[in-house]
Amino acid sequence: MITKRIIPCLDVKEGRVVKGIQFLELKDAGDPVELAEVYDQEGADELVFLDISASHEGRKTMVDVVEQVAAKLAIPFTVGGGINQLSDMKTILRAGADKVSVNTAAVLRPELIAEGAEFFGSQCIVLAIDAKYDKESDTYKVYTHGGR
């Protein structure tokens, strides 16, 4: 039997965790450091932190917040948002992440996945795909830049 794993995802915008439905109507859900600590204490198996506005805003992930979250965790930690090259991955891993997640950059430059896996090991690279069903075309469409 396959073991179930609990992996919460903190969608972070402007330094705050937000929750919405299909990228819309985002509502503040709290401080990422505090929520990460709660999930860790409550038995989550891993934690994902996605800086959902980094790519859209053309900036890097908030490394200071990543460092603060990593300091509170004893579980594996995946970070994504604004990661466009190997040096970004290195920065995030040095800040305390165990894995990096790429989305927009992977769509725009798919070779980044192989580059990251070759340099850091495949266990460090996560591909995130934001997709939404499109009734008109009866298929799913991939979205980049935080669902835009």
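The following legends describe close-up views of a predicted model.

**View 1. Confidence across the predicted model.** The mean pLDDT of the protein is 91, and 97% of the residues score at least 70. Among the elements, helix α4 (residues 86-94) has the highest mean pLDDT, 97, whereas helix α2 (residues 54-57) has the lowest, 76. Where pLDDT is low, the predicted coordinates should not be read in detail.

**View 2. The open sheet of 7 strands.** The strands follow the order β3-β2-β1-β4-β5-β6-β7, and their pairing is mixed. Strands β3 and β7 form the edges, each pairing on one side only. From one strand to the next, the twist averages 35°.

View 3. Strand β1 (residues 9-13) runs antiparallel to strand β2 (residues 16-21), to which 3 bridges join it. Across this pair, D11 has V18 as its bridge partner, and V12 has V17. The hairpin of β1 and β2 has 2 residues between the strands, and E14 adopts a positive phi near 55° there. Strand β2 also pairs with strand β3 (residues 24-30) in the antiparallel sense, over 4 bridges. On this side, V18 stands opposite D28 of β3.

**View 4. The salt bridge between R16 and D28.** The closest N and O atoms of R16 and D28 are 2.8 Å apart. Because R16 belongs to strand β2 and D28 to strand β3, the pair ties together parts that are 12 residues apart in sequence. R16 is partly exposed at 33% relative accessibility, and D28 is partly exposed at 49%.

**View 5. The salt-bridge network of R5, E46 and K99.** Salt bridges link R5, E46 and K99 in a network. Within it, R5 and E46 form a salt bridge in which the closest N and O atoms lie 2.5 Å apart. R5 is located in the segment before β1 and E46 in the loop between α1 (32-41) and β4 (47-51), so this pair ties together parts that are 41 residues apart in sequence. R5 is partly exposed, with a relative accessible area of 47%, whereas E46 is buried, with a value of 7%.

**View 6. The salt bridge between R109 and E115.** The side chains of R109 and E115 meet at an N to O distance of 3.1 Å. Both residues are partly exposed: the relative accessible area is 26% for R109 and 29% for E115.

**View 7. A nonpolar patch on the surface.** The patch consists of V107, L108, L127, I129 and V142, which together have about 490 Å² of accessible area. I129 lies in the loop between β7 (125-127) and β8 (130-134). I129 counts as exposed because its relative accessibility is 55%, and the cut-off for exposed is over 50%.

Methods:
Residues numbered from 1 in each chain as written. Predicted model: local features only at pLDDT ≥ 70, side-chain atom pairs only at ≥ 80, totals over all residues. Heavy atoms only, no water. Pairing = 2+ DSSP bridges. Patch = residues over 30% accessible without salt bridge, like charges linked within 9 Å, V, L, I, M, F, W, Y side chains within 5 Å. Areas by Shrake-Rupley, 256 points an atom, 1.4 Å probe, with all protein chains shown as cover. Salt bridge = Lys/Arg side-chain N within 4 Å of Asp/Glu carboxyl O. Buried < 20%, exposed > 50% of the residue type's maximum accessible area, 1.4 Å probe, protein only. pLDDT = per-residue confidence, 0-100. Axes fitted to C-alpha atoms, helices over the stretch in contact; angles between N-to-C directions.
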